[in-house]
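Reader: I have some questions about the terms used for this model. Please set each value against its definition.

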Amino acid sequence: MKIRYLHTMVRVLDLEKSMAFFELLGLKETRRIDNEAGRFTLVFMAPEGQEECPVELTWNWDGDSGLPSDSRHFGHLAYGVEDIYAMCEKLQAAGVTINRPPRDGHMAFVRSPDNISIELLQIGEAKKPAEPWLSMPNTGTW
(Lines give C-alpha, C1' and ligand atoms only; values in the text may rest on other atoms or scores of the structure.)
Protein backbone atom coordinates (compact mmCIF):
# COMPACT_ATOMS: atom_id res chain seq x y z
CA MET A 1 0.00 0.00 0.00
CA LYS A 2 1.43 3.37 -1.03
CA ILE A 3 1.08 6.56 0.92
CA ARG A 4 2.05 10.08 -0.15
CA TYR A 5 2.34 13.28 1.80
CA LEU A 6 -0.40 15.73 0.77
CA HIS A 7 -0.19 18.75 3.07
CA THR A 8 -0.11 19.97 6.64
CA MET A 9 -3.09 22.04 7.79
CA VAL A 10 -2.78 24.73 10.43
CA ARG A 11 -5.41 27.17 11.63
CA VAL A 12 -4.46 30.84 11.51
CA LEU A 13 -5.93 33.90 13.18
CA ASP A 14 -4.65 36.56 10.76
CA LEU A 15 -4.30 35.24 7.22
CA GLU A 16 -2.20 38.13 5.91
CA LYS A 17 0.28 38.03 8.82
CA SER A 18 0.58 34.27 8.54
CA MET A 19 1.12 34.38 4.78
CA ALA A 20 3.80 37.07 5.24
CA PHE A 21 5.57 34.84 7.79
CA PHE A 22 5.60 31.81 5.48
CA GLU A 23 6.74 34.03 2.59
CA LEU A 24 9.75 35.00 4.75
CA LEU A 25 10.59 31.30 4.87
CA GLY A 26 10.45 31.19 1.07
CA LEU A 27 6.98 29.69 0.53
CA LYS A 28 4.64 30.98 -2.18
CA GLU A 29 0.87 30.71 -2.52
CA THR A 30 0.07 27.82 -4.86
CA ARG A 31 -3.70 27.54 -4.47
CA ARG A 32 -6.57 29.30 -2.70
CA ILE A 33 -10.12 28.18 -1.92
CA ASP A 34 -12.70 30.62 -0.59
CA ASN A 35 -15.71 28.75 0.79
CA GLU A 36 -18.58 31.19 1.29
CA ALA A 37 -20.96 28.54 2.65
CA GLY A 38 -18.44 27.43 5.28
CA ARG A 39 -17.11 30.98 5.77
CA PHE A 40 -13.45 29.99 5.52
CA THR A 41 -10.44 30.39 3.21
CA LEU A 42 -7.79 27.78 2.54
CA VAL A 43 -4.43 29.04 1.25
CA PHE A 44 -1.86 26.47 0.18
CA MET A 45 1.77 27.62 0.32
CA ALA A 46 4.88 25.69 -0.68
CA PRO A 47 8.56 26.23 -1.49
CA GLU A 48 9.20 26.93 -5.18
CA GLY A 49 9.68 23.67 -7.05
CA GLN A 50 8.13 21.70 -4.19
CA GLU A 51 4.47 22.44 -4.82
CA GLU A 52 3.64 18.88 -3.79
CA CYS A 53 4.66 19.73 -0.19
CA PRO A 54 2.29 22.53 0.86
CA VAL A 55 1.15 23.86 4.17
CA GLU A 56 -2.57 24.62 4.19
CA LEU A 57 -3.43 27.80 6.10
CA THR A 58 -7.05 27.61 7.24
CA TRP A 59 -8.63 30.94 8.11
CA ASN A 60 -12.15 31.14 9.53
CA TRP A 61 -13.79 34.40 8.43
CA ASP A 62 -15.65 34.81 11.72
CA GLY A 63 -12.51 34.34 13.82
CA ASP A 64 -11.50 31.48 16.04
CA SER A 65 -11.56 32.12 19.79
CA GLY A 66 -9.25 29.13 20.35
CA LEU A 67 -6.34 30.83 18.59
CA PRO A 68 -3.54 31.32 19.28
CA SER A 69 -3.30 28.29 21.49
CA ASP A 70 -0.96 25.33 21.34
CA SER A 71 -3.94 23.03 21.84
CA ARG A 72 -5.32 24.16 18.46
CA HIS A 73 -2.12 23.12 16.70
CA PHE A 74 0.07 20.05 16.69
CA GLY A 75 3.84 19.53 17.05
CA HIS A 76 5.61 21.57 14.37
CA LEU A 77 6.28 22.03 10.69
CA ALA A 78 9.81 21.27 9.52
CA TYR A 79 11.69 22.79 6.60
CA GLY A 80 15.23 22.13 5.40
CA VAL A 81 17.15 25.33 4.62
CA GLU A 82 20.33 25.97 2.63
CA ASP A 83 21.90 28.24 5.24
CA ILE A 84 20.39 28.11 8.71
CA TYR A 85 22.35 31.15 9.90
CA ALA A 86 21.24 33.30 6.96
CA MET A 87 17.62 32.20 7.41
CA CYS A 88 17.67 32.99 11.13
CA GLU A 89 19.26 36.39 10.42
CA LYS A 90 16.55 37.15 7.85
CA LEU A 91 13.75 36.13 10.22
CA GLN A 92 15.25 38.02 13.14
CA ALA A 93 15.65 41.17 11.02
CA ALA A 94 11.93 40.91 10.23
CA GLY A 95 11.08 40.83 13.95
CA VAL A 96 10.69 37.06 14.37
CA THR A 97 11.93 35.68 17.71
CA ILE A 98 14.39 32.80 17.37
CA ASN A 99 13.02 30.56 20.14
CA ARG A 100 15.72 27.91 19.83
CA PRO A 101 18.82 29.40 18.16
CA PRO A 102 20.91 27.23 15.82
CA ARG A 103 23.73 26.82 18.35
CA ASP A 104 24.67 23.48 16.80
CA GLY A 105 24.65 24.87 13.24
CA HIS A 106 21.92 22.38 12.43
CA MET A 107 18.56 23.16 14.06
CA ALA A 108 16.51 26.19 15.08
CA PHE A 109 12.90 26.81 16.08
CA VAL A 110 10.71 29.85 15.52
CA ARG A 111 6.98 30.50 15.91
CA SER A 112 4.51 31.91 13.41
CA PRO A 113 2.16 34.78 14.33
CA ASP A 114 -0.37 32.08 15.28
CA ASN A 115 2.06 30.35 17.66
CA ILE A 116 2.81 27.47 15.27
CA SER A 117 6.19 25.93 15.97
CA ILE A 118 8.48 25.83 12.91
CA GLU A 119 11.64 23.70 12.92
CA LEU A 120 14.43 24.81 10.59
CA LEU A 121 17.05 22.18 9.72
CA GLN A 122 20.32 22.80 7.88
CA ILE A 123 20.37 20.80 4.65
CA GLY A 124 23.41 18.54 4.55
CA GLU A 125 26.17 18.84 7.11
CA ALA A 126 25.73 21.10 10.11
CA LYS A 127 27.46 24.46 9.89
CA LYS A 128 30.33 25.20 12.25
CA PRO A 129 28.92 26.66 15.52
CA ALA A 130 29.19 30.45 15.39
CA GLU A 131 28.18 33.60 17.21
CA PRO A 132 25.78 35.16 17.89
CA TRP A 133 23.91 31.86 17.82
CA LEU A 134 26.39 29.86 19.90
CA SER A 135 25.81 31.88 23.08
CA MET A 136 22.19 32.91 22.45
CA PRO A 137 19.75 31.48 25.02
CA ASN A 138 16.41 29.86 24.26
CA THR A 139 13.38 32.15 24.34
CA GLY A 140 9.96 30.79 25.26
CA THR A 141 8.98 27.36 24.03
CA TRP A 142 8.93 25.61 20.72
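Author: Helices (H or I, at least four residues) and strands (E, at least two) are DSSP runs, numbered from the N terminus. This is a predicted model, in which local features need pLDDT of at least 70, side-chain atom pairs count only at pLDDT 80 or more, and totals for chains, interfaces and linings use all residues. Residues are numbered from 1 along each chain as its sequence is written, and side-chain values use heavy atoms, with hydrogens and water left out.

Reader: What makes the largest pocket a pocket, and what is its volume?

Author: On a 1 Å grid over the protein atoms alone, a pocket is an open set of points with protein on both sides within 12 Å along at least five of seven lines, whereas a cavity is a set where a 1.4 Å probe fits but cannot get out. Grid points are joined across faces, edges and corners, and a volume is the space filled by probe spheres set on the points. On that basis the largest pocket has about 440 Å³.

Reader: Which residues line the largest pocket, and which elements supply them?

Author: A lining residue has an atom within 4 Å of a point. The lining of the largest pocket holds 19 residues, with Leu25, Pro47, Gln50, Tyr79 and Gly80 nearest the centre. Strand 5 (77-81) and helix 2 (84-93) each supply at least two residues, and strand 5 gives the most, with five.

Reader: How do the lining residues divide into nonpolar, polar and charged?

Author: Ala, Val, Leu, Ile, Met, Phe, Trp, Tyr, Cys and Pro count as nonpolar, Asp, Glu, Lys and Arg as charged, and the others, Gly among them, as polar. By that scheme the lining of the largest pocket has 13 nonpolar, four polar and two charged residues.

Reader: Where do the domain bounds come from, and which domains does the lining draw on?

Author: The bounds come from an automatic or database domain assignment, which gives domain 1 (1-61) and domain 2 (76-141). The lining of the largest pocket draws at least three residues from each.

Reader: How many residues of domain 1 and domain 2 are in contact, and what area do the domains bury?

Author: With contact meaning heavy atoms within 4.5 Å, 16 residues of domain 1 meet 15 of domain 2. Buried area is the accessible area (1.4 Å probe) that two parts lose on being put together, summed over both. For these domains that comes to about 1200 Å², 79% of it on carbon and sulfur atoms. In domain 1, Phe21, Leu24 and Leu25 lose the most area to domain 2, together 53% of what that side buries.
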